[in-house]
Structure formats: structure tokens, C-alpha cells
Amino acid sequence: MARALVNNYLKKMLTIGGAGLLVLTLSFFFLPTISSLGIIAGYALSLIFVASNFQIVKKIELKNQNEFLTLFFVSITLRFILVLICFALVLTLVKIDQILFTISFIISYIFLSVIEIIFINKVLENRHEI
């Protein structure tokens with residue numbers, strides 16, 4: 001049951017994220033290309049890393065909470081390291097507006113993480129009702 005609920009929330013997250021990405025992609029028509037690319041790249045990078053955590057959240061139905069918490073915190077640590085590596089690679093290898101990329105990444109990462117926390121909370125609430 002929890003897996004289906006997590007998959008449902010993952011679809012909602014990707015729908016919200018995809019809609020945001022579509023709006024940002026339309027910004028190509030109104031902003032210079034390098035500026036738009038920086039904004040879109042920051043948003044897309046944050047969407048990828050926030051959505052990737054739903055694979056770990058599927059493990060919520062584990063009977064042993066300590067096992068889940070260990071898995072969850074290890075995954076957060078690995079995700080953080082991967083985010084830093086990818087962030088540095090994008091800044092050094094891709095010719096984009098670095099300030100807009102950084103601002104877009106930070107704002108969208110916070111926004112998408114809040115949505116992720118709301119979905120995880122709903123999964124946990126529904127898990128206890130079953």
C-alpha cells in the first residue's frame with residue numbers, strides 16, 4: 001500500500017516539477033539564452049535530486065524503523081555529496097550564467113524539498129492509518 005502511495009506522490013511531484021520546468025523553458029522566449037539556460041539547469045538539477053529520493057521513501061514500509069532511518073540518512077548524505085559534485089561540474093564545465101544557475105538551484109531545491117517533505121508526511125500519516 002505504501003509503495004502505491006509513494007508512486008502516486010512521485011507522479012504528483014514530477015507533474016509539479018515538470019510544469020515548473022515547462023514554464024522555465026518558455027522563458028527562453030523572454031530572456032537571453034544563457035540566462036534562461038542557467039535558470040533551467042538549476043531547476044532541473046534540483047528536480048532530479050529531490051525526485052530521486054522517492055526511491056528511498058518507498059522503503060518506509062520496512063518493519064524495522066532503525067533500518068529505514070539508517071537507509072534514509074545514508075541516502076541523504078550520498079545525495080548531498082552527489083549534488084555538490086554535479087553542482088561543481090555544471091559550474092565549471094557548462095557555459096551558463098553562474099549566478100542565475102546558483103540562485104535558481106537554491107530556490108528550487110528548497111521549494112521542491114518542501115513539497116517532498118509534505119508528501120513524505122502524507123505517506124507516513126496514511127501508513128499509520130492502515
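Trainee: Which helix gives the largest share of the nonpolar patch?
Mentor: The largest share comes from α4, with nine residues, where helices are DSSP runs of H or I with at least four residues, numbered from the N terminus. The model is predicted, so local features need pLDDT of at least 70 and side-chain atom pairs count only at pLDDT 80 or more, while totals for chains, interfaces and linings use all residues. Residues are numbered from 1 along each chain as its sequence is written, and side-chain values use heavy atoms, with hydrogens and water left out.

Trainee: What makes up the nonpolar surface patch of about 1000 Å²?
Mentor: Among its residues are Leu37, Val74, Phe80, Ile85, Leu89 and Val94; a nonpolar patch joins Val, Leu, Ile, Met, Phe, Trp and Tyr side chains within 5 Å, taking residues with over 30% relative accessible area and no salt bridge. Accessible areas come from the Shrake-Rupley method with a 1.4 Å probe, and for residues only the protein chains shown count as cover.

Trainee: And what about Leu89, where does that one lie?
Mentor: Leu89 lies in helix α4 and is partly exposed, with a relative accessible area of 42%, given that buried means under 20%, exposed over 50% and partly exposed in between.

Trainee: Switching to charges, how many salt bridges does a search of the whole structure find?
Mentor: The search finds one, a salt bridge being a side-chain nitrogen of Lys or Arg within 4 Å of a carboxyl oxygen of Asp or Glu. The side chains of Arg79 and Glu116 form it, at 3.5 Å from N to O. Arg79 lies in helix α4 and Glu116 in helix α5, so the pair ties together parts that are 37 residues apart in sequence.

Trainee: Is Arg79 buried or exposed?
Mentor: Arg79 counts as buried, at 12% relative accessibility, and Glu116 also counts as buried, at 4%.

Trainee: Now the inside: which residues have the most contacts in the largest nonpolar core?
Mentor: Those are Met13 and Leu112, in a core of 21 residues, meaning a set of buried Ala, Val, Leu, Ile, Met, Phe, Trp, Tyr and Cys residues joined through side-chain atoms within 4.5 Å. The elements giving two or more residues to this core are α1, α2, α4 and α5, and α5 gives the most, with seven.

Trainee: What does Leu112 touch?
Mentor: Leaving out residues up to four places away in sequence, Leu112 touches Met13, Tyr43, Ser46, Leu47 and Val50, where contact means heavy atoms within 4.5 Å.

Trainee: And Ser108, which residues is that in contact with?
Mentor: Apart from its neighbours within four places in sequence, Ser108 is in contact with Gly42, Tyr43 and Ser46; Ser108 lies in helix α5 and counts as buried, at 5% relative accessibility.

Definitions and conventions
Buried < 20%, exposed > 50% of the residue type's maximum accessible area, 1.4 Å probe, protein only. Patch = residues over 30% accessible without salt bridge, like charges linked within 9 Å, V, L, I, M, F, W, Y side chains within 5 Å.
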